[in-house]
Amino acid sequence: MKKTIFIISIIILLSLPTPSLSQRCNKNDEKVLFQIKKSLGNPYHLTSWKKEEDCCTWYCVKCDQKTGRINELNIFSGNISGQIPPEVGNLPYLTMLDFHKLTNLTGQIPSSISKLTHLTYLILSWNDLSGPIPSSLNQLKNLKYLELSYNKLTGSIPPELATLPKLTEINLSRNKLTGVIPESFGKFKSLESIHLSHNQLTGPVPKALGFLNLSTVDFSRNQLTGDLSMLFGKNKMIQFAYLSRNGFQFDLSKVVFPGSLELLDLSHNKIYGSLPATLTGLRLHLKLRRICITGVCVGLRCRLVPKDLDYPFYVLDKFHCVFYVLLCSI
């Protein structure tokens, strides 16, 4: 009898409706989202944000499947005006915050973002943000990816960013940043890619960056000077180097380029010397797809690579920059 009652009880429990993810929205998170929506002027882009629907089902929002706490907020490509609401700092379990391609999103980056200690991705790109980059972003110790490109950010790059122990990629391109690349950037623990192009940065590249093993470097279209040959070396893993339109000046013939290199753009600088054997030899690896070194080939004889190589290499003269490799000899 007892066994029968137990079995019936189990059947009844299993037949009861179980709370789904859409029924587990945290009420504190929901309240914060309504505050964010109000701060942005209740845009049409966020019409799904309403009481009748659970916040875990709302557009631009994702929740943790186990806890129901909001862990992603991705607001992008909408007709939204205003500033980034400081209330975003009150979503404590966010791992991704993305305000992207909102051309009427203005104002400064709120310091409240620094409270989001679980954040791994911070993307505030293709907006109209201005003002400085908050040095307090260095409190985001779990951050792996930082993208603030295509804005109107001003001031210098905070050296404190180098204390982010898990950061693998930083993109500050297409802003109005001034000053130098911080010396502290040579102390990054995990950095693999750095993009600082199209700013107004000046001075030499810190030699300490040579201690990092970067895969992508983009310093193009700044006012940087000096020697950056320390970015290269036999045991380096650099694949893409965009370094054009600066004032770099060094002897190219003394640089040792790694076999990992796939793209090298040194055009519109003050680089001198001849192409080193380590560079022309890369054609054997069929990896180096593009090289631009405007003016370097003056006085050199260029030749075609043998046709038996099944990769489209072409000669480049001193006036042009094409998508294939430049092979020159004395």
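The model is predicted: local features need pLDDT of at least 70, side-chain atom pairs count only at pLDDT 80 or more, and totals for chains, interfaces and linings use all residues. Residues are numbered from 1 along each chain as its sequence is written, and side-chain values use heavy atoms, with hydrogens and water left out. The protein chain holds three helices and 21 strands. Helices (H or I, at least four residues) and strands (E, at least two) are DSSP runs, numbered from the N terminus.

**Overall chain**

- Of the 330 residues of the protein chain, 50% are buried. Buried means under 20% relative accessible area, exposed over 50%, and partly exposed in between (1.4 Å probe, protein chains only).
- Take contacts between residues at least 6 apart in sequence: 50% of them join residues at least 24 apart. A contact means heavy atoms within 4.5 Å.

**Annotated N-terminal domain**

- An unreviewed UniProt entry places "domain: Leucine-rich repeat-containing N-terminal plant-type" at residues 27-64. UniProt positions are given in the numbering used here, feature names are shortened, and annotations may be inferred rather than shown by experiment.
- Residues 27-64 are 34% helix and 8% strand. The end C-alpha atoms of this stretch are 14 Å apart.

**Nonpolar core**

- The largest nonpolar core has 79 residues, and Leu-73, Ile-113, Phe-219 and Phe-232 touch the most other members. Such a core is a set of buried Ala, Val, Leu, Ile, Met, Phe, Trp, Tyr and Cys residues joined through side-chain atoms within 4.5 Å.
- Helix 2 (27-39), strand 1 (61-63), strand 2 (70-76) and strand 4 (96-100) each supply at least two residues of this core.
- In soluble globular proteins, nonpolar side chains tend to be buried together.
- Not counting residues up to four places away in sequence, Phe-219 touches Ile-181, Ile-194, Leu-196, Ser-197, Val-205, Leu-209, Leu-224, Leu-231, Tyr-242, Leu-243 and Asn-246.

**Cavities**

- There are two cavities of 30 Å³ or more. On a 1 Å grid over the protein atoms alone, a cavity is a set of points where a 1.4 Å probe fits but cannot get out; lining residues have an atom within 4 Å of a point.
- Grid points are joined across faces, edges and corners, and a volume is the space filled by probe spheres set on the points.
- Leu-209, Leu-212, Asn-213, Leu-214, Val-217, Leu-231, Lys-236, Met-237 and Ile-238 line the largest cavity.
- That lining has seven nonpolar residues, one polar and one charged. Ala, Val, Leu, Ile, Met, Phe, Trp, Tyr, Cys and Pro count as nonpolar, Asp, Glu, Lys and Arg as charged, and the others, Gly among them, as polar.

**Buried loop residues**

- Cys-55 sits in the loop between helix 2 and strand 1. Cys-55 is buried, at 0% relative accessible area.
- Beyond four places in sequence, Cys-55 touches Cys-25, Asn-26, Glu-30, Leu-33, Val-61 and Ile-70. Cys-55 and Glu-30 are 6.1 Å apart, C-alpha to C-alpha, and 25 residues apart in sequence.
- Leu-40 also lies in the loop between helix 2 and strand 1. Leu-40 is buried, at 6%.
- Partners of Leu-40 beyond four places include Leu-46, Ile-75, Pro-85 and Leu-105. Gln-83 is 43 residues from Leu-40 in sequence and 7.2 Å away, C-alpha to C-alpha.

**Positive phi**

- Lys-101 is not a glycine, yet its phi is positive, about 55°. Lys-101 is in the loop between strand 4 and strand 5 (104-106) and is partly exposed, at 41%.
- Arg-221 has a positive phi near 55°. Arg-221 is in the loop between strand 14 (216-218) and strand 15 (223-226) and is partly exposed, at 40%.

Notes
1 Å grid on protein atoms, 1.4 Å probe; cavity = no way out; pocket = protein on both sides within 12 Å on 5 of 7 lines; lining within 4 Å.
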